[in-house]
Amino acid sequence: RHKRPGEALAAIAAQLARFPRNVELMREHIRCLKELGRVTEAIEVYAFKRDKEPDEALWHYALGFAYSWVGPAGRQQAVDLCEQALTLDPTLKWAHYNLGFVKHEMGQSTASIAHYEAAIACDPTFALAFYNLGVLHQDREDFTHAAEYLERALALDPSSINAAFGAAVS
């Protein structure tokens, strides 16, 4: 995803120092570490933050997001951490979104759909959740709902959804 993940990581780390609770920056930080083969480092960083502030939902979510990149071995930890984040903050759309992703990876499409719908309930303009709902419905051969959700995603955020679509078909 990043052409130069090492450089991206340095820039993102600098921004995180200024905005330590920015979810989008946390997600990019973890993605860069994953691209560099350093998921364990991401887990250590966000476990430390979570242990320091156990009542902060963002740290549970970020740690869960990092575990979601481990593969099958990390999926249950990702689920548990994101569920804990939602216990602390039920409106944390990214925790619902990550649960949707992980549940899909675990073959639990009904639970996945429920979490993407919950993410949308938290933020009705959450284009990526609409996009993933469309893809899930397409996988289930429910083309009517797939088209509805994909069109909604495209209307909300044409540039990022076109990029996601391009990555999905390439």
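The model is predicted, so local features need pLDDT of at least 70 and side-chain atom pairs count only at pLDDT 80 or more, whereas totals for chains, interfaces and linings use all residues. Residues are numbered from 1 along each chain as its sequence is written, and side-chain values use heavy atoms, with hydrogens and water left out. Helices (H or I, at least four residues) are DSSP runs numbered from the N terminus.

**Salt bridges**

- The structure contains eight salt bridges, a salt bridge being a side-chain nitrogen of Lys or Arg within 4 Å of a carboxyl oxygen of Asp or Glu.
- One of them pairs Arg 21 with Glu 53, with 3.0 Å between the closest N and O atoms.
- This pair connects distant parts of the chain, 32 residues apart: Arg 21 lies in the loop between α1 (5-18) and α2 (23-35), and Glu 53 in the loop between α3 (39-52) and α4 (57-68).
- Arg 21 has a relative accessible area of 39% and is partly exposed; the categories are buried for under 20%, exposed for over 50% and partly exposed in between, with a 1.4 Å probe and protein chains only.
- Glu 53 is likewise partly exposed, at 32% relative accessibility.
- A second salt bridge joins the side chains of Arg 38 and Glu 41, at 2.8 Å from N to O.
- Arg 38 is partly exposed at 32%, and Glu 41 is partly exposed at 31%.
- Glu 105 and Arg 75 form a further salt bridge, with an N to O distance of 3.3 Å.
- Here too the partners come from distant parts of the chain, 30 residues apart, with Glu 105 in helix α6 (residues 93-105) and Arg 75 in helix α5 (residues 75-88).
- Glu 105 is partly exposed at 36% relative accessibility, whereas Arg 75 counts as buried at 19%.
- Through shared partners, salt bridges join Arg 21, Glu 53 and Glu 56 into one network.

**Packing of α4 and α6**

- The axes of α4 and α6 come within 10 Å and cross at roughly 20°; axes are lines fitted to C-alpha atoms, for helices over the stretch in contact, and angles run from 0 to 180 degrees between N-to-C directions.
- The two helices are therefore roughly parallel, the term for angles under 35 degrees, while those over 145 count as roughly antiparallel.
- The α4 and α6 crossing is left-handed, meaning that the near helix is turned anticlockwise from the far one by less than a right angle.
- Contact (heavy atoms within 4.5 Å) involves Tyr 61, Gly 64, Phe 65 and Ser 68 of α4, and Trp 94, Ala 95, Asn 98, Phe 101 and Val 102 of α6.
- The contact of α4 with α6 has six nonpolar, three polar and no charged residues; Ala, Val, Leu, Ile, Met, Phe, Trp, Tyr, Cys and Pro count as nonpolar, Asp, Glu, Lys and Arg as charged, and the others, Gly among them, as polar.

**Packing of α8 and α9**

- Helices α8 (residues 127-139) and α9 (residues 143-156) pack at about 160°, with their axes 7 Å apart.
- They are therefore roughly antiparallel, and their crossing is left-handed.
- Residues making the contact include Phe 130, Tyr 131 and Leu 133 of α8, and Tyr 149, Leu 150 and Arg 152 of α9.
- By class, the contact of α8 with α9 comprises eleven nonpolar, four polar and one charged.

**A residue in α3**

- Ala 47 belongs to helix α3 and is buried, at 16% relative accessibility.
- Ala 47 and Ala 66 are 19 residues apart in sequence, with a C-alpha to C-alpha distance of 9.8 Å.

Note on methods. Parallel < 35°, antiparallel > 145°, perpendicular 65-115°, else oblique.
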